Every structure is written in C-alpha cells, then in structure tokens.
Amino acid sequence: MREFFESRQISIYFAAVILAAAIAAVVPGTTVLESAVNPSLALMLFVTFLQVPLADLGRAFTRVRFFGALLITNFVLVPLLVAVLVQLLPADPMVLLGVLLVLLTPCIDYVVTFSHLGRADARLLLASTPALLIVQMLLLPVYLGLFLGRNATGLVQLGPFIHAFVWLIAVPLVLAGLVQIWAARSRAGEWVFTKLGLLPVPATALVLFVVIAAVVPQLGTATDSVLRVIPIYIAFAVVAPVLGWLTGRLFRLDAPAARAIAFSAGTRNSLVVLPLALAVPGAIPVLPAIIVAQTLVELVSELAYVRLIPKLPA
C-alpha cells in the first residue's frame, strides 16, 4: 500500500487539489475549514518526520563531500539564486515573505522518493534529512532578516512564529523520534510505526485539500500575487537543479550522488513551512496561496526531473 501511494503521489495530490477547488466553488462556507488547517498540518508533519531517520543523524557527517555539497547548494547557492529572482517581484513584503519561506527551505520528505525514481542516491539524501531540517530552521530567521530588512519585524512576529514552530514542527518531530525509539525496542512499536508509514501521502493530500478548500473562496484578493510568483517558481525549478548538479560535480561526487544534490536543490519544503506562514498576521489568503502555488509547480517539475536528471552527463 505504501508503494502504491508513493508511486502515485503526484496524481493523488492533484486529485485532492481539484476536488477541493470544485467543492469550494459550489459549496458555500468552506472557509470554516481554516480551523482544520493546523490539525491536519500537525498530522502531516508527524507522519512525515516519522520517515526521517532521526537516529542516523550522525551518519550524514561521515560523507563529508556529499554533505558539504548539499549544504553549500541549499544554503549558499540557492539563497543567491533567490536573491536574484526576487528582484522581479513587486514591492509587496507579504508576497516576498511567501516566496522566501518556500524557496529557502529544502525538502526533507518526498524528495527522497523522487530522487530514487530519478536514479539518484536516495539513501545518502535520506541520511542527510535530519541535519537538513535542523540547519534550515536555524538559518531561516537569519535569511528572512537579511531579505526583508525592517519589514521582518512587522511580518514575522516572534510570539506566533515560535508558537507555530513549537506545536507544529518541534512537537511532531519529538513525537516522531519517540515512536522511532519505541519501534526499535518493541514489536508493538514496530507495528505502529509500520502502519503510520502508510500515512504521509494521504496526510499530505488532506492538507492540500483543506488548504485549497479554505483559501479558494478568498482567492480573489490573492490571484494577482499568485500569477506574479509562478514565473519565479518556474525559473527556480529550471535553474536550481542545474546548480545542484554542478556543485556535485565540483565536489567530485559520483553521478548518483550528484543527482541527489540536484533533486535537493530543486525540491522545496513548502508544506512544512506552511504553519510558519499561517502564524503571520493577515496571512490568509495570500501566503497559503503563494506557498501552495509553488507546491503545484514543483510537482509538475518533479515529473520532468525524474526523466531529465538521469540524463545529465556523468
């Protein structure tokens, strides 16, 4: 069942989006689903973090060249690329914040599945995901301060931001680690862990459904912003994997490892940062619309990645 979900996840996600949009268009009052966004996000993040090998955190550091290429790509080259791309955005701090939140945070979940389909070294990428999550959460406030300047204080209020991080990221992460420890020590824990392993794709589809259904009735004020960021997302989807692959070759990684860097560069952590976006006063509908737009562009991009990245020269 898990293989079924993972192999068809793009179709499942788009089906959830289309169904939610259709329901929101004909059924009044779907904005009440705003209250379900955070619980569904908490569930999604919990089952997502379950797939992150937290016990193997130290393993990423044993592959120094790979980990170095991964960090330089995601936290030096990608921010430089983002700095260039955001010059094309309108002078709207809320739009800029949405783009920054999603493009500055590398994916830690389905990038592993897509990298495997694209003949990359998914095991190396999987071993690096705990460290990747920690580094991005430490650096994200720094980057937001650099890019937003004085606007950062008004948009990212510390109290709600910390509350969202603690309850929707830190707590699910700790619970996932406890379940992993339980699974390693007990058959009952292993059974629970295995069953929960079926949920990442359905839980992600649920989040997309709830967010789309809640936002679509309010989308009128966000449509212009979404249309302006889509070209930015497309440009990022084209350039970022090339930067990742070139960095992998510069670090003299083998072809599968270089492909993994390319997948990581092009795949972002959109739904993981969504709770942080929703903590911003007045976030709805602009911020969730901007973030989900990137998710949809990215899912289409992944179809191209799994076909094109394996063809990059070894």
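Student: How do helix α11 and helix α15 pack, at what angle and how far apart are their axes?

Tutor: In this predicted model, helix α11 (residues 200-215) and helix α15 (residues 286-308) pack at an angle of about 135°, and their axes are 11 Å apart. Axes here are lines fitted to C-alpha atoms over the stretch in contact, with angles running from 0 to 180 degrees between N-to-C directions, and helices are DSSP runs of H or I with at least four residues, numbered from the N terminus.

Student: What does that make α11 and α15 to each other?

Tutor: The two helices, α11 and α15, are therefore oblique to each other, given that angles under 35 degrees count as roughly parallel, over 145 as roughly antiparallel, 65 to 115 as roughly perpendicular and the rest as oblique.

Student: Which residues of α11 and α15 make the contact?

Tutor: From α11 there are Leu208, Val211, Ile212 and Val215, and from α15 there are Pro288, Ala289, Val292 and Thr295, where contact means heavy atoms within 4.5 Å.

Student: Before going on, what are the ground rules for the numbers?

Tutor: Because the model is predicted, local features need pLDDT of at least 70 and side-chain atom pairs count only at pLDDT 80 or more, while totals for chains, interfaces and linings use all residues. Residues are numbered from 1 along each chain as its sequence is written, and side-chain values use heavy atoms, with hydrogens and water left out.

Student: Changing topic, is glutamine 136 buried or exposed?

Tutor: Glutamine 136, which lies in helix α7 (residues 122-148), counts as buried because its relative accessibility is 1%; buried means under 20% relative accessible area, exposed over 50% and partly exposed in between, with a 1.4 Å probe and protein chains only.

Student: What does glutamine 136 touch?

Tutor: Not counting residues up to four places away in sequence, glutamine 136 touches Phe75, Thr105, Pro106, Ile108 and Asn269.

Student: And leucine 250, buried or exposed?

Tutor: Leucine 250, placed in helix α12 (residues 223-250), counts as exposed because its relative accessibility is 68%. Its C-alpha atom is separated by 8.5 Å from that of alanine 69, although leucine 250 and alanine 69 are 181 residues apart along the chain.

Student: Why is helix α6 largely enclosed by the rest of the structure?

Tutor: Six of the eight residues of helix α6 (residues 110-117) are buried, so α6 is largely enclosed; the buried residues are Tyr110, Val111, Val112, Thr113, Phe114 and Ser115.

Student: What do the buried residues of α6 pack against?

Tutor: They pack against α1 (2-7), α2 (9-26), α7, α13 (255-266) and α15.
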